[in-house]
Amino acid sequence: MKTIVFIHGMFQNPKSWNKWIEFFSAKGYNCIAPAWPMHEGEPIELRHNPPAGLGDLHLQTIVDEMEDIVTSLDERPILIGHSVGGLIVQLLVEKGLAEIGVPISSVAPNAMLAFDWGFMKNSALIANPFKGNEPFYMDLESFHGAFCNTMSMEETERAYNEYATHDSRNVLRDCMGADGQIDVDMPHAPLLFIAGEKDEIMPTELTKRNSEAYTDEVSISEYKEFPNRGHYICGQPGWEEVAEYVYDWLQKHQEHQYHTSAVL
């Protein structure tokens with residue numbers, strides 16, 4: 001039974017993957033969704049009682065935690081990550097720790113930027129250097145504008161109440177620094193980059209550029225865009241279409257990996 005490790009992003013925790021875990025478990029996968037440090041538990045409790053030291057959390061601490069989990073498995077897993085979780089997938093793929101990687105609405109490595117208003121506004125709000133180590137406290141209005149902009153306020157409120165958390169500004173800052181650097185010219189496991197047409201945090205142009213930055217001619221890096229999806233692409237109505245596409249893509253490339261290994 002093949003293992004999928006789901007890696008959440010900022011302002012979420014493992015609960016955000018519950019529907020995907022149910023979907024892929026029914027397809028025969030062993031599914032794991034580890035929490036980042038200080039992200040364990042119920043989101044509503046994490047919002048009402050933010051963990052002490054949350055604002056001091058850094059990207060490398062999360063990457064180290066995810067690497068420990070991935071390397072403890074019997075074989076290389078499939079990695080699926082959202083947003084910063086997508087960048088973590090790319091970092092672990094670079095280390096040769098995954099059979100396949102699926103970054104969804106991923107933060108891009110190597111300080112790639114997009115001159116898109118939503119991207120610039122949201123990045124500046126979160127990474128604001130004048131806020132020091134004060135966590136970013138996600139409220140309903142911000143969640144609607146940044147994550148759920150293609151959804152009704154009623155749908156957003158349900159999603160916020162059930163899944164939203166606060167987070168450390170330092171994680172996003174680190175993504176733009178040395179800890180977010182990847183050698184995109186080296187051979188790598190197959191990568192599928194997924195974007196939402198109306199994503200206000202990770203615009204499609206940046207996700208596409210991220211995918212195309214991988215230049216090794218024998219490695220696979222593919223891009224898929226879904227219409228009328230925001231940053232909450234993994235949870236908004238229609239998430240099943242995205243999961244089904246990922247499943248079909250995994251089937252195709254797992255079979256390719258199997259036949260390649262058999263030939264070798």
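**Close-up views of a predicted model**

K2 is buried, with a relative accessible area of 15% (buried: under 20%; exposed: over 50%; partly exposed: in between; 1.4 Å probe, protein chains only). The model is predicted: local features need pLDDT of at least 70, side-chain atom pairs count only at pLDDT 80 or more, and totals for chains, interfaces and linings use all residues. Residues are numbered from 1 along each chain as its sequence is written, and side-chain values use heavy atoms, without hydrogens and water.

**View 1. K2 and E99 form a salt bridge.** The closest N and O atoms are 2.6 Å apart (salt bridge: a side-chain nitrogen of Lys or Arg within 4 Å of a carboxyl oxygen of Asp or Glu). The pair links distant parts of the chain, 97 residues apart. K2 sits in the segment before β1, and E99 in the loop between α4 and β4 (100-104). Helices (H or I, at least four residues) and strands (E, at least two) are DSSP runs, numbered from the N terminus. E99 is buried too, at 12% relative accessible area. The salt bridge count comes to 8.

**View 2. K15 pairs with E42 in a salt bridge.** Their closest N and O atoms are 2.9 Å apart. K15 lies in the loop between β1 and α1 (18-26), E42 in the loop between β2 (30-32) and α2 (43-48). The two are 27 residues apart. E42 is partly exposed, at 41% relative accessibility.

View 3. E154 is exposed, with a relative accessible area of 58%. Elsewhere, salt bridges that share partners join K2, E75 and E99 into one network.

**View 4. Helix α3 (residues 59-71) has buried residues L59, I62, V63, M66, I69 and V70.** Seen down the axis, they fall within an arc of 125°, so they line one face of the helix (arc: directions from the helix axis to the C-beta atoms). Their cover includes β1 (3-7), β3 (78-82), α4 (84-94) and α8 (169-175).

**View 5. S219 lies in the loop between α9 (204-213) and β6 (221-226).** S219 is buried, with a relative accessible area of 15%. Leaving aside neighbours within four places in sequence, S219 is in contact (heavy atoms within 4.5 Å) with P187 and H188. The backbone nitrogen of H188 lies 3.0 Å from a polar atom of the S219 side chain.

How values were computed. Polar contact = N/O pair within 3.5 Å; in protein donor to acceptor, adjacent residues only side chain to side chain. Expected span 1.5 Å × (residues − 1).
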